[in-house]
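Welcome! Please take a moment to look over the sequence and the structure below, and then read on for a short tour.

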Amino acid sequence: MGGTFDPIHFGHLVTAEEALVQFNLNRVVFMPSGNPARKTHREVTSGEHRYLMAVIATASNPDFEVSRMEIDRAGPTYTVDTLRTLRSIHGSRADLYFITGADAVWEIVTWKDADEFVDLCTFIAATRPGYDLDAARSEHAEQLARLKIEFIEVPALAISSTDIRLRVKEKRPVRYLTSESVAAYIEKQKLYREAY
Ligand code: ATP
Ligand code: MG
């Protein structure tokens, strides 16, 4: 599961757990992005902070781990590079899935070397109850033809990192949107107090 994770929250964690169970995965690897190739409109929190928040949020789950692969790589993050690396580590017989939000999945065909994705992984796209999958499928026929995509429904979680950052800046609660440990880390490191 790739993302900025700035910060990780229960939307990410619920989605990961649901994917793990529905696809009988061995584990879910959270992979905070390095220098984001596409999120340039705001200053993203350092990779080290985002990585550590993902670690503490997932620490109690033996099926979840966090990878430093993207934050330690120099230059911008391209998912195709990560998938190629994972494929070379785990071999051609491993089933690789890339977990993402359903809204984000339609953009993937615009990513670098998108034509390689079909051979590298299956996408698991999380929809929320109420998401009109049939409408989305007919609207995005081109994407469906070019990628392998499976859909899962996750409970309606209107949680976003953007909202959490804004809440911290405005001194409103983030408890129950992300783990207590992440909330404490944000407080301790004084994250998101100025900009969001
Ligand atoms: P931001 O508000 O900064 O964009 P975000 O909450 O969308 O952050 P990301 O790190 O951008 O979090 O998301 C990582 C992945 O998790 C993306 O594929 C995104 O679609 C998915 N995702 C984010 N929030 C949720 C949620 N509440 N439920 C399910 N999936 C989510
Ligand atoms: Mg997002």
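## Around the ligand

A polar contact, as the term is used here, is a pair of N or O atoms within 3.5 Å. The model you are looking at is predicted. With that in mind, a backbone N or O atom of Gly-101 lies 3.0 Å from an oxygen atom of ligand 1. Thr-4 also brings a backbone N or O atom to 3.0 Å from a ligand oxygen, while His-12 places a polar side-chain atom 2.9 Å from an oxygen of ligand 1. Taken alone, the ligand exposes 600 Å², and the protein buries 84% of that.

Which parts of the chain supply the shell around ligand 1? At least two residues each come from β1, α1, β4 (97–101) and α9 (161–169). The ligand has 20 residues around it, and those that come nearest are Phe-5, His-9, Ile-159, Ser-161 and Thr-162.

## The loop between β1 and α1

Phe-5, one of those nearest residues, sits in the loop that links β1 to α1. Its phi is near 50°, a positive value in a residue other than glycine. Is Phe-5 buried or exposed? It counts as buried, because its relative accessibility is 2% and the cut-off for buried is under 20%.

The loop between β1 (2–3) and α1 (10–22) also holds Pro-7. The peptide bond leading from Asp-6 to Pro-7 is cis, with omega near 0°. For background, most peptide bonds are trans, and most residues other than glycine have a negative phi.

## The loop between α1 and β2

Further along, Asn-24 lies in the loop between α1 and β2 (28–32). Asn-24 is not a glycine, yet its phi is positive, at about 50°. What is the relative accessibility of Asn-24? The value is 69%, so Asn-24 counts as exposed, the cut-off being over 50%.

## A sheet of three strands

Now for the sheet. Three strands form an open sheet in the order β1-β2-β3, with parallel pairing. Because β1 and β3 (64–66) stand at the edges with a single partner strand each, one side of each is left without a neighbour in the sheet.

β2 and β3 pair in the parallel sense over 3 bridges. Phe-30 has Val-66 in β3 as its bridge partner. Helix α2, made of residues 47–58, lies across β2 and β3 and runs at about 165° to β3.

Definitions and conventions. Residues are numbered from 1 along each chain as its sequence is written. Chains are lettered from A and ligands numbered from 1 in the order in which they are written. This is a predicted model: local features need pLDDT of at least 70, side-chain atom pairs count only at pLDDT 80 or more; totals for chains, interfaces and linings use all residues. Side-chain values use heavy atoms; hydrogens and water are left out. Helices (H or I, at least four residues) and strands (E, at least two) are DSSP runs, numbered from the N terminus. Buried means under 20% relative accessible area, exposed over 50%, partly exposed in between (1.4 Å probe, protein chains only). Two strands pair if DSSP finds at least two bridges between them. Contact means heavy atoms within 4.5 Å. Axes are lines fitted to C-alpha atoms, for helices over the stretch in contact, and angles run from 0 to 180 degrees between N-to-C directions. A residue is near a molecule or strand if one of its heavy atoms lies within 4 Å of it. A polar contact is a pair of N or O atoms within 3.5 Å; within protein, one must be able to donate a hydrogen and the other to accept it, and residues adjacent in sequence count only if both atoms are side-chain atoms. Accessible areas come from the Shrake-Rupley method with a 1.4 Å probe; for residues, only the protein chains shown count as cover.
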